[in-house]
Amino acid sequence: MKKLLSLFLLLPVLAFAQEKKDTLWTTSGNTTLNFSQVALSNWAAGGKSSMSGVMMLNLATNYKKDKVAWDNSFDFRYGFLKEEDVDLRKSDDKIDIASKLGIEAKKNWYYTGLLNFKSQFAAGYNYPDTDNAISKFMAPGYLNLGVGMDYKTDKFSALLAPVSGKFTFVTDDDLSAQGAFGVEPGKKSRAEMGATVKLQLVTDIVKNVTLDTKIDFFSNYFEDPQNIDIDWTMKIIMKVNDYLSANLITQLIYDDDVLILNPDTGSEVPRLQFMESFGVGLTFKF
């Protein structure tokens with residue numbers, strides 16, 4: 001947890017220092033802390049005391065000079081839940097770092113190279129079982145590299161990368177031995193060749209309400225190309241004032257290589273994953 005908090009605090013400082021050093025860089029971002037708490041004592045209606053929280057950091061650092069554009073984004077989330085008679089549990093966990101280096105071809109179009117890394121900070125469990133982790137940092141970890149064309153405006157980006165590589169890492173020995181996340185049992189990584197499409201839209205819906213949505217597609221050319229991997233995140237940020245905001249976050253994932261238990265059949269199959277989070281808290285922009 002100390003490493004996580006240090007990372008949240010250090011990145012804005014580094015970004016701000018870079019912006020001051022070189023005016024060709026533009027930096028923007030925000031840190032949000034959502035927290036909720038319920039305390040009950042002799043409560044006739046029943047219930048449990050609980051508390052929960054989510055920490056979020058979104059940072060963008062972009063470089064532009066002549067025909068060269070370099071866009072970098074950092075999206076981190078970590079959430080927890082604590083009930084009175086249950087140990088602290090993780091409720092949200094995300095690392096998503098993307099970098100695009102482009103050379104302008106013509107207005108709004110760029111020849112672009114992509115690097116995208118995704119993983120998580122801490123171990124995850126199928127609660128109430130806390131003895132056997134089902135995920136950890138770099139288990140899985142995903143690295144996507146690609147080259148193609150990027151269409152960009154102030155609010156919208158569409159990257160089409162017909163030459164793309166997706167690398168899946170499972171560095172934990174136990175999860176690797178199970179063949180988790182599509183790697184062969186005993187192996188620590190898996191490589192795929194295919195096509196990547198990344199779309200992102202950031203726009204104001206109404207005054208003080210911003211929509212930030214991005215969706216990634218990946219198709220493996222050589223193995224079931226019709227089974228397309230999808231990672232779609234949507235954030236609606238509702239500004240109350242300079243320091244308070246409400247945030248609705250949803251994430252939908254489909255990965256044909258990730259097998260999840262189907263309770264109806266008892267078998268493990270690829271399934272649609274969905275997460276939703278809503279919170280009100282403190283927001284600091286920089």
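This is a predicted model: local features need pLDDT of at least 70, side-chain atom pairs count only at pLDDT 80 or more; totals for chains, interfaces and linings use all residues.
## Overall build

The protein chain holds two helices and 16 strands. Its radius of gyration is 20 Å, close to the 19 Å that the globule rule gives for 286 residues, so the chain is as compact as a globular protein of that length. Along the principal axes, the C-alpha atoms fill a box of roughly 70 × 50 × 35 Å.

Contacts reach across the sequence. Of those between residues at least 6 apart, 53% join residues at least 24 apart.

## Inside and outside

Of the 286 residues in the protein chain, 40% are buried. The accessible surface is about 16600 Å². Carbon and sulfur atoms account for 61% of that surface.

## Nonpolar cores

The largest nonpolar core has eight residues: A139, Y142, V170, L175, A180, F181, V183 and V258. Y142 belongs to this core. Leaving aside residues up to four places away in sequence, Y142 touches N116, F117, K118, K166, F167, T168, F181, D255 and V258.

A second core is separate and has seven residues. Among them are L57, F74, F117 and M138. F117 is also one of the residues that Y142 touches.

Y243 sits in the loop between strand 12 (229–239) and strand 13 (244–254). The relative accessible area of Y243 is 53%, so this residue counts as exposed, the cut-off being over 50%.

Methods: Residues are numbered from 1 along each chain as its sequence is written. Side-chain values use heavy atoms; hydrogens and water are left out. Helices (H or I, at least four residues) and strands (E, at least two) are DSSP runs, numbered from the N terminus. Buried means under 20% relative accessible area, exposed over 50%, partly exposed in between (1.4 Å probe, protein chains only). The radius of gyration is taken over C-alpha atoms; the globule rule is 2.2 Å times the number of residues to the power 0.38. Contact means heavy atoms within 4.5 Å. Accessible areas come from the Shrake-Rupley method with a 1.4 Å probe; for residues, only the protein chains shown count as cover. A nonpolar core is a set of buried Ala, Val, Leu, Ile, Met, Phe, Trp, Tyr and Cys residues joined through side-chain atoms within 4.5 Å.
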